[in-house]
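Reader: Could you take me through this structure? I have not worked with it before.

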Amino acid sequence: MDDDLRGAFARVFERSWYIEGAEDEGFEKAFAAYCGAKFCIGVGNGLDALMLALRALGVGEGDEVIVPANTYIATALAVTYVGAKPVFVEPDIRTFNINPALIEAVITEKTRAIMPVHLYGQACDMDPIMEIAEKYNLYVVEDCAQAHGATYKGRKIGSFGDAAGFSFYPGKNLGALGDAGAVVTSNEELESKVRALGNYGSDYKYHHIYKGNNSRLDELQAAFLSAKLPHLDRMNEERRRIAKLYTEGIHNPKVVTPHVLEDCVPVWHIYGIRCHERDALEKHLKEKGIGTNKHYPIPMHLQECYRDLGFHDGDYPIAEEISATELSLPMYYGMTDEEIQYVIDAINAY
């Protein structure tokens, strides 16, 4: 793949066209087809993708958007940036994803959309979410930032809602060599509006129909993504192999391994275990030379930037439980069997 990336760079450099060119167009068509959608609009990053999708749907001041209480803060920030209010819903403790059974209880006359997050590369339970959205006439914007290629009942995530936001941050399963993102949709009108909003609100040069943003996928990153996309399924399959070895090999009673819903095929952007002695386990693994991470040690409703929403400790106990116990294990394409077994043995020896 290194040669493909070098070739992509040379192609863009020789062409000397860096914004809104053939590379962008080619990647957008390929990624839309990969997701099973009609359109893909390249944007600057994953946060912009979610924000622009909400703006294009008309979500704004005075509206409410339902988001999971357990996710990265970009999900809530996208809602805030369009002037709406994020309304948190507890996750399913087994999958870490939003619990559909709790969504209806928080719907009000101000609710305009649901934003499910396919966290850690695991698909949300989309059937009940889509049924609720249809029942209450709500938009669905999927946050697919961590789940490129994941499927739910044989269908790629990103193809269920009115729109979906993807991040191509370098660490993602499909990562650029810098910041990048995309909105995926099958709605032609929405595609046109998102594209204009991300280009200063312009539908053609010097003609501005919206007060837009500057958020476009540049040619170089599009070329890199086009080079990597054909390898994505193979790399995801390797992540599934690693996850299977972890799940089958870890048998420490203090550790809870991830649960996968039936008919879902994850892509394991993150393999997150839970342990009530998380910090001690983290230290134990570090002493053995094993790096780990915590996703996410402070839940969104307790972040200082959302203090104005008035939440306190205990308001979302399941999200807080995950924040206090989750530990992400090494998970990357290229791990050797010896490295995987070393992690397993270290956890079981704790």
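**Cores and a helix pair**

Author: Phenylalanine 31 touches Cys40, His148, Phe166, Phe168, Leu174, Val184 and Leu229, leaving aside residues up to four places away in sequence; contact means heavy atoms within 4.5 Å. This is a predicted model in which local features need pLDDT of at least 70 and side-chain atom pairs count only at pLDDT 80 or more, while totals for chains, interfaces and linings use all residues. Residues are numbered from 1 along each chain as its sequence is written, and side-chain values use heavy atoms, with hydrogens and water left out.

Reader: Which residues touch the most other members of the largest nonpolar core?

Author: They are Phe27, Phe31, Ile103, Phe166 and Phe168, in a core of 44 residues. Such a core is a set of buried (under 20% relative accessible area, 1.4 Å probe, protein chains only) Ala, Val, Leu, Ile, Met, Phe, Trp, Tyr and Cys residues joined through side-chain atoms within 4.5 Å.

Reader: And which element gives the largest share of this core?

Author: Helix 2 does, with 5 residues. Helices are DSSP runs (H or I, at least four residues), numbered from the N terminus.

Reader: Changing topic: at what angle do helix 8 and helix 11 pack?

Author: The angle is about 30°, and the axes of helix 8 (residues 232-249) and helix 11 (residues 337-348) are 10 Å apart. Axes are lines fitted to C-alpha atoms over the stretch in contact, and angles run from 0 to 180 degrees between N-to-C directions. Helix 8 is therefore roughly parallel to helix 11, a term for angles under 35 degrees.

Reader: Which residues make the contact?

Author: Helix 8 contributes Arg241, Ile242, Leu245, Tyr246 and Gly249, and helix 11 contributes Asp337, Ile340, Val343, Ile344 and Asn348.

Key. Buried < 20%, exposed > 50% of the residue type's maximum accessible area, 1.4 Å probe, protein only. Helix = DSSP H or I, 4+ residues; strand = E, 2+ residues; numbered from the N terminus. Parallel < 35°, antiparallel > 145°, perpendicular 65-115°, else oblique.
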